[in-house]
Amino acid sequence: SPCALCQGDCDNDGQCEGNLICHKRDSFDEPIIGCTQGGTGDLATKDYCIQPRGPVIDDRLACSSASPCGNCEGECGNDS
């Protein structure tokens, strides 16, 4: 059966429910966007199903230091 959000181990998008995509994870230090990190099922070698990220449609909505991005928003080059 297909993996739900934040479940794995997937090898491709077809193994995820609905419009979820398979996020290829290289190490435990790499967070899974939109999922809680840690726990016995959080393994470095597993790939997980996540929500696809959409593009920023309106440049006026782009993130800045005065208006920082929220979780799963915008395009960032660093953590600040």
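This is a short tour of the structure, stop by stop, with something to select at each one.

**Before you start**

The model is predicted, so local features need pLDDT of at least 70, side-chain atom pairs count only at pLDDT 80 or more, and totals for chains, interfaces and linings use all residues. Residues are numbered from 1 along each chain as its sequence is written, and side-chain values use heavy atoms, with hydrogens and water left out.

**Stop 1: the disulfides**

Begin with the cysteines. A disulfide is a covalent bond between the sulfur atoms of two cysteines; here the cut-off is a pair of cysteine sulfur atoms within 2.5 Å. How many disulfides does the structure hold? There are three.

Select Cys 6 and Cys 35 to see a disulfide with its sulfur atoms 2.0 Å apart. Cys 6 sits in the segment before strand 1 (21-23), while Cys 35 belongs to the loop between strand 1 and strand 2 (48-50), so this pair ties together parts 29 residues apart in sequence. Strands, like helices, are DSSP runs numbered from the N terminus (strands: E, at least two residues; helices: H or I, at least four). Look along the S-S bond of Cys 6 and Cys 35: the torsion is about -95 degrees, so the disulfide is left-handed.

Buried means under 20% relative accessible area, exposed means over 50%, and partly exposed lies in between (1.4 Å probe, protein chains only). Cys 6 is partly exposed at 30%, and Cys 35 is buried at 18%.

Next, select Cys 10 and Cys 22, joined by a disulfide with an S to S distance of 2.1 Å. Cys 10 is in the segment before strand 1 and Cys 22 is in strand 1, so the pair ties together parts 12 residues apart in sequence. The torsion about the S-S bond of Cys 10 and Cys 22 is about 95 degrees, so this disulfide is right-handed. Are these two cysteines buried or exposed? Cys 10 is buried, with a relative accessible area of 0%, and Cys 22 is buried at 10%.

Move on to Cys 16 and Cys 49, another disulfide, with sulfur atoms 2.0 Å apart. Cys 16 lies in the segment before strand 1 and Cys 49 in strand 2, so they tie together parts 33 residues apart in sequence. Both Cys 16 and Cys 49 are buried.

**Stop 2: Cys 3**

**Stop 3: the core**

Now select Cys 3, Cys 10, Cys 16, Leu 20, Cys 22 and Cys 49 together; these six residues make up the largest nonpolar core. Such a core is a set of buried Ala, Val, Leu, Ile, Met, Phe, Trp, Tyr and Cys residues joined through side-chain atoms within 4.5 Å. In soluble globular proteins, nonpolar side chains tend to be buried together.

Zoom in on Cys 22. Beyond its neighbours within four places in sequence, Cys 22 contacts residues including Asp 11, Asn 12, Asp 47 and Tyr 48. Contact means heavy atoms within 4.5 Å.

**Stop 4: the salt bridge**

Finally, select Lys 24 and Asp 47, whose side chains meet in a salt bridge (3.7 Å, N to O). The cut-off is a side-chain nitrogen of Lys or Arg within 4 Å of a carboxyl oxygen of Asp or Glu. A search of the whole structure finds one salt bridge. Lys 24 and Asp 47 are both in the loop between strand 1 and strand 2, 23 residues apart. Lys 24 is partly exposed at 42%, whereas Asp 47 is buried at 11%.
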